[in-house]
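Here's a quick briefing to read with the model open. Have a look at the charged pairs, the strands and the core.

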Amino acid sequence: MPYSETFKDHLANPRNAGELADANATAEQTNPVCGDRLRLSLRLRDGCIEAARFLAYGCPPTLACGSVLAEMIEGMKVEDAVKLTRKEIADALGGLPTRKHHAAALAIETLRIAVEKNSL
């Protein structure tokens, strides 16, 4: 399966990449099989995600999934964001090869951990 134009655009022009200085929820997760890492920083206020930034290390799909996730969740209610699935992340990129779905799973896992750590 070739990568979509949307995927290629997120890879060439990542959205919301970098650190978020005033983040109040963060998480960094690593895929133990391939070593890919994703760091997500969020600014949460009144049950909403006001801002999201990511840093990705690893394969191009991990970078693209971090980019599309950060773009998708900004402005979302936290309760809606944690319901996102890896399929929705992959679909937002125009699809991913089956062997690369681990990147979408890493994005979702990192989001959920960031939110859970903040709510403790």
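What follows goes through salt bridges, strand pairing and the nonpolar core.

This is a predicted model, so keep the cut-offs in mind: local features need pLDDT of at least 70, side-chain atom pairs count only at pLDDT 80 or more, and totals for chains, interfaces and linings use all residues. Residues are numbered from 1 along each chain as its sequence is written, and side-chain values use heavy atoms, with hydrogens and water left out.

**Salt bridges**

- Searching the whole structure turns up 11 salt bridges (a side-chain nitrogen of Lys or Arg within 4 Å of a carboxyl oxygen of Asp or Glu).
- One of them pairs arginine 39 with glutamate 19, with 3.6 Å between the closest N and O atoms. Arginine 39 sits in strand 2 (residues 37-45) and glutamate 19 in the loop between helix 1 (5-12) and strand 1 (25-30), so this pair ties together parts 20 residues apart in sequence. Helices (H or I, at least four residues) and strands (E, at least two) are DSSP runs, numbered from the N terminus.
- Glutamate 28 bridges to arginine 37, the closest N and O atoms being 3.4 Å apart.
- Glutamate 28 also meets arginine 39 in a salt bridge, at 3.8 Å from N to O. That pair links distant parts of the chain, with glutamate 28 in strand 1 and arginine 39 in strand 2, 11 residues apart.
- Shared partners join Glu19, Glu28, Arg37 and Arg39 into one network.

**Exposure of the network**

- Arginine 39 is partly exposed at 24% relative accessibility (buried is under 20% relative accessible area, exposed over 50%, partly exposed in between, with a 1.4 Å probe and protein chains only).
- Arginine 37 counts as partly exposed at 31%, and glutamate 28 does too, at 36%.

**Strand pairing**

- Strand 2 pairs with strand 3 (residues 48-57) in the antiparallel sense, over nine bridges; strands pair if DSSP finds at least two bridges between them.
- Leucine 42 has alanine 52 in strand 3 as its bridge partner.
- Two residues lie between the strands of this hairpin, where aspartate 46 takes a positive phi near 50°.

**Nonpolar core**

- The largest nonpolar core has 31 residues (buried Ala, Val, Leu, Ile, Met, Phe, Trp, Tyr and Cys joined through side-chain atoms within 4.5 Å).
- Helix 5 (101-119) is among the elements that each supply at least two core residues, and helix 5 gives the most, with eight.
- Leu42, Ile49, Cys65, Leu69, Ile73 and Leu111 have the most contacts inside the core.
- Leucine 69 touches Leu40, Leu84, Ile89, Ala107 and Leu111, leaving aside residues up to four places away in sequence; contact means heavy atoms within 4.5 Å.
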